[in-house]
Each structure stands twice: as C-alpha cells, then as structure tokens.
Amino acid sequence: MTGMTPAQLYRTEGGPARRLFVLGPSGARLADLKALGAGPLPADLAWRWPGAYAVVSEAGHETVIFTDPAAAQPVYVSRFGSGWAWSSSARLLAGLNRAPVDTRRLVTAVFAPLLPALVAGRSYFSGVEQLPPGARIRLAPGTAPQITNLWLPQPDIGPEPAGRFRVSATAQCEAGFGGSVVGHP
C-alpha cells in the first residue's frame, strides 16, 4: 500500500487470516469490512460503496484485487521474485525492480494521447502493468494473473441526448405553464 492515497486496512478475526485494503476515498465503513469477514468476496466489491477506490484482499499466498470501474484509482503489478508485487504507485514498483522508463508508452502519451487502446495495461515503466478497470485479478506465486472482467459499461439504447433533453424540457415547461408549448422545428 503506497502513494498518497487514503487507505483503510481491516484484518479478519476468527477463521482464515485475511487482510482487506480499501485504496482511495470510499464510503466503506469498518462495519462493512467486518461483514465481509472470512466468506467469499462479492463480485460488486469495487462499486459497492460510493467513491473511487480499489479493494485488495490478501489471504495466505493469494492476493485478489478488485479494481475501480472508472480506473480513477489505478493499481499496478510487477513480477517480484517468484511472485507478484502490487501497489497504487507504478513508480514504486519500478524502483523495486529497477525498471526503466517504457519509451514506447511515453511516445504514445505525447503523440497519440486520445488512443487509449494503444496503451491498454501499460504503465510508464517496463515490466509494471496497470490492472484493467472493473475487474477481479487473482495473483498467486508462480502463476500469471487471472483476470476476470466484472463490470462493463452498458450501451445506452434510448433516444439521443438532444431528444431526451427536448422531451424533458417540454414536459417541464408544460407543467410550469399549464398548457402546451409550441416549439420550432
């Protein structure tokens, strides 16, 4: 747990030992974390409470990370020894492994900043990966990260925004004026 991010830590009592970290500002209370106890962690953990946060669970040699769907609270991983290190700071992980700056990522940020698909999962340091938003990632020694996407934005299949605004504004005007509103085509 690193960086200038507000964080909460809760250690489970009774049952298997588990440490839960909530990284970033969230509406999670200590009682909420206690309720998670030693049972299975729910899939909606990264958007259960208001805020921009990620949740990390460490139990034994396994770490499970639930990432913020908006990527406002990024989490990074890097190989370390036979396992994985995680952090809210890519710079810290780069220092841990003496990772050089990823020049391709840097050039992409300068010349194509509006094409996020070109940099998906890459940080500004070689060997330091940013975890995908809205996912559950399982990290265990000797294995690759197991990534499960839990949240994806739903397409808006309703009318266009201008049409929704027109309908809403017309309804508000009619309610306020007590009659019909004549609009321009």
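**Starting with Ser78**

Which residues does Ser78 touch, not counting residues up to four places away in sequence? They are Gly83, Trp84, Ala85, Leu93, Asn97, Gly127 and Val128, where contact means heavy atoms within 4.5 Å. The model you are looking at is predicted: local features need pLDDT of at least 70, side-chain atom pairs count only at pLDDT 80 or more, and totals for chains, interfaces and linings use all residues. Residues are numbered from 1 along each chain as its sequence is written, and side-chain values use heavy atoms, with hydrogens and water left out.

Ser78 sits in strand β5, residues 76–80. Helices (H or I, at least four residues) and strands (E, at least two) are DSSP runs, numbered from the N terminus. Ser78 counts as buried because its relative accessibility is 3%; buried means under 20% relative accessible area, exposed means over 50%, and partly exposed is in between (1.4 Å probe, protein chains only). Its side chain also reaches the backbone oxygen of Gly127, at 3.2 Å. That is a polar contact, a pair of N or O atoms within 3.5 Å; within protein, one must be able to donate a hydrogen and the other to accept it, and residues adjacent in sequence count only if both atoms are side-chain atoms.

Now look at Ser89, in the loop between β6 and α2. Ser89 is buried, since its relative accessibility is 19%. The side chain of Ser89 reaches the backbone nitrogen of Leu92 at 3.0 Å.

**The nonpolar cores**

In soluble globular proteins, nonpolar side chains tend to be buried together. A nonpolar core is defined here as a set of buried Ala, Val, Leu, Ile, Met, Phe, Trp, Tyr and Cys residues joined through side-chain atoms within 4.5 Å. The largest nonpolar core has 14 residues, and the members that touch the most others are Leu36, Leu45, Trp49, Val55 and Phe66. Two or more residues of this core come from each of β2 (19–23), α1 (30–36) and β4 (62–66). Apart from it lies another core, of 13 residues, including Phe21, Val56, Ala135 and Leu139.

Leaving aside residues up to four places away in sequence, Leu36 touches Arg18, Leu20, Leu41, Pro42, Leu45, Arg48 and Trp49.

**Rings and a charge**

How many aromatic pairs does a search of the whole structure find? There are 2. Rings of Phe, Tyr and Trp (its six-membered ring) pair if their centres lie within 6.5 Å; planes under 30 degrees apart count as stacked, over 60 as edge-to-face and the rest as tilted. Phe21 and Trp86 are an edge-to-face pair, 5.5 Å centre to centre with 65° between the planes. This pair links distant parts of the chain, 65 residues apart: Phe21 is in strand β2 and Trp86 in strand β6 (residues 83–87). Phe21 is buried, at 6% relative accessible area, and Trp86 is buried, at 12%.

The rings of Trp49 and Tyr53 have centres 5.9 Å apart and planes at 40°, so this pair is tilted. Trp49 is buried with a relative accessible area of 11%, and Tyr53 is buried at 0%. Elsewhere, Arg105 lies over the face of Tyr124, at 4.2 Å from the ring centre. A charge sits over a ring if NZ of Lys or CZ of Arg is within 6 Å of the ring centre and within 35 degrees of the ring normal.

**Salt bridges**

Side chains of opposite charge can pair when their charged atoms come close. A salt bridge is a side-chain nitrogen of Lys or Arg within 4 Å of a carboxyl oxygen of Asp or Glu, and a search of the whole structure finds 5. One of them joins Arg48 and Asp44, with the closest N and O atoms 3.0 Å apart. Arg48 is partly exposed at 38% relative accessibility, and Asp44 is partly exposed at 26%.

Another salt bridge joins Arg138 and Glu62 (2.4 Å, N to O). Arg138 lies in strand β8 (residues 135–139) and Glu62 in strand β4, so the pair ties together parts that are 76 residues apart in sequence. Arg122 and Asp102 also form a salt bridge, with the closest N and O atoms 2.8 Å apart. Arg122 is partly exposed at 29% relative accessible area, whereas Asp102 is buried at 11%.
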